[in-house]
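This report is an introduction for someone meeting the structure for the first time. Please look over the sequence and the model before reading on.

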Amino acid sequence: MIPADLSNHVSGWFDGTGPGADIVISSRIRLARNLAGYEFLPCLTSRRQGEVLEKLKTALLSLDLGEAVYFVDIDGASALEQDVLVERHLISRQHARGKGPRGVVIAPSESFTAMINEEDHMRIQVFKTGLQLKECWQQINRIDSAIEQKVNYAFDPEYGYLTACPTNVGTGIRVSVMLHLPALKMTGQIDKFFNAARDSDLMVRGLFGEGTEAVGDFFQVSNQVTLGFAEDQIVHDFVNLIVPKITQYEAAARQVLMTQQCDAVDDKVQRAIGVLKNARLISSQEALFLLSHVRLGINLGRVEGISMDAINELFMLTQPAHLQMNAGGTLDADRRDSMRAKMIRSRLCTN
Amino acid sequence: MLCQSCNERTATIHLTDISAGVRTESHLCEACAQNQGLAVKSQIPLNELLSTLLAAQSDAPPGQPQEVATDIECPNCGMTFKKFVQKSQLGCPGDYKAFGEPLRGVIAKAQNGRFQHHGKVPATAPGDTRDQIKLMNLRQQLEEAVRNEDYETAAKLRDMMENLQ
């Protein structure tokens with residue numbers, strides 16, 4: 001399997017079928033691990049970096065994960081292949097643009113990936129659609145224990161799992177949920193959400209795009225503290241306290257929109273559909289922005305004749321690298337905008 | 001959309017400026033935006049955030065050792081504490097010991113004042129380490145159970161702790 005084979009369909013974690021998926025798109029847990037007896041990446045020679053890669057690759061490929069995992073050599077991959085993997089959240093941008101021997105082990109369902117030689121020697125991740133953090137933790141814990149049978153992790157009785165950056169030390173766990181919060185944005189309450197998140201030591205960032213703000217009102221919320229709390233405690237807090245509170249706010253904001261500003265919502269949603277069905281040039285940012293409105297419209301029962309599957313697919317496939325991979329090569333921004341518009345028209349007009 | 005300034009490249013930076021109630025929009029390409037002194041602010045990676053934190057820390061909370069007077073070098077990997085402060089990445093697992101107290105201060109800042117790991121322990125860790133951490137995990141759970149007045153769970157946890165000790 002190569003990145004090109006991935007680029008024509010939506011990732012499992014974005015299929016909108018999981019519990020609570022109208023607001024919680026997906027759940028993800030990542031563990032940072034390093035091998036004992038090897039330097040961290042900043043001090044690791046290229047030869048030893050190659051050894052780390054081989055050790056971890058061998059260990060990972062011999063695991064029984066219920067599906068046959070495969071390895072992608074990131075150092076040898078083209079920029080476009082790397083970007084497809086980044087857009088699917090299978091690797092990070094830092095990993096894509098890193099140096100020296102590095103790679104990723106991927107399960108075909110894309111519910112599991114292991115980046116080797118990113119910031120840490122290994123970062124394993126498990127993704128699931130909707131709010132399924134407990135299930136993510138059970139699965140990744142099992143995988144981690146299986147890997148641990150084959151390699152020696154750097155571990156300290158006081159500081160726990162040792163990581164290259166002390167912001168990950170301890171459990172090495174990053175628990176995240178990806179949220180769609182368009183109603184909080186429309187009702188001007190998104191800053192309240194940011195402040196509340198900051199006060200509870202949570203990290204908030206945009207889900208799509210290279211940085212800046214959360215395009216399309218998609219946010220990723222993660223724990224910031226990794227030391228001093230057991231993994232199941234962190235997961236428990238997310239599942240029972242943090243996520244319910246945020247989804248409650250968003251649901252209430254949707255309710256307010258429906259009862260007090262129904263025309264305004266319909267107007268936004270129908271204008272979005274109008275532009276998407278007719279535009280001849282559309283940037284990925286504009287597409288995300290408009291698709292987000294349509295997604296909200298579908299969730300509120302205000303749209304007929306467009307399926308959520310079609311919208312979810314467009315979120316994924318209109319990203320720049322996906323678009324180019326499916327077109328068979330690199331395209332300049334204008335060509336991309338034209339192809340993107342064409343793809344959106346063809347999916348929405350036949351639908 | 002083309003850049004308003006050069007009319008050649010695609011505008012990728014869209015600026016809305018509202019001053020004195022007047023709203024103006026400009027659409028520029030990256031090069032022209034930079035020429036006009038508009039910094040493109042991107043998301044701050046966690047590392048950078050830590051560097052900022054570290055820099056802030058070195059300007060001195062009273063009563064704490066301000067600067068590391070003499071730099072510390074890790075005998076294993078050659079990383080120095082000062083270099084770590086710049087890059088916010090350590091050189092090897094041994095740095096956690098080698099950088100001692102100064103690193104402890106950094107960890108306290110990054111981890112909300114916590115130093116002691118709770119949670120998973122590798123099965124390959126020495127038995128006493130495993131038991132030690134397991135005990136601490138149980139103690140934490142016990143406190144939680146008592147707080148919630150769940151005495152049945154608390155009793156079970158106490159028994160488990162006694163078995164380990």
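Among contacts in chain A between residues at least 6 apart in sequence, what percentage join residues at least 24 apart? In this predicted model, the share of such contacts that join residues at least 24 apart is 69%.

## The chain as a whole

Chain A is built with 13 helices and ten strands. Its radius of gyration is 21 Å, which is close to the 20 Å given by the globule rule for 351 residues, and chain A is therefore as compact as a globular protein of that length.

Of the 351 residues in chain A, 53% are buried.

## A pair of packed helices

Two packed helices are described by the angle between their axes and the distance between the axes. In chain A, helix H9 (residues 262-278) packs with helix H10 (residues 284-299) at an angle of about 130 degrees, and their axes are 8 Å apart.

On the side of H9(A), the contact is made by Lys268(A), Val269(A), Ala272(A), Ile273(A), Val275(A) and Leu276(A), while H10(A) contributes Leu290(A), His293(A), Val294(A), Leu296(A) and Gly297(A). Sorted by class, the residues in this contact of H9(A) with H10(A) are eight nonpolar, two polar and one charged.

Key. Residues numbered from 1 in each chain as written. Chains lettered and ligands numbered in written order. Predicted model: local features only at pLDDT ≥ 70, side-chain atom pairs only at ≥ 80, totals over all residues. Axes fitted to C-alpha atoms, helices over the stretch in contact; angles between N-to-C directions. Helix = DSSP H or I, 4+ residues; strand = E, 2+ residues; numbered from the N terminus. Contact = placed C-beta atoms within 7 Å. Nonpolar A, V, L, I, M, F, W, Y, C, P; charged D, E, K, R; others polar. Rg over C-alpha atoms; globule rule 2.2 N^0.38 Å. Buried ≥ 20, exposed ≤ 12 C-beta atoms within 10 Å, placed from the backbone.
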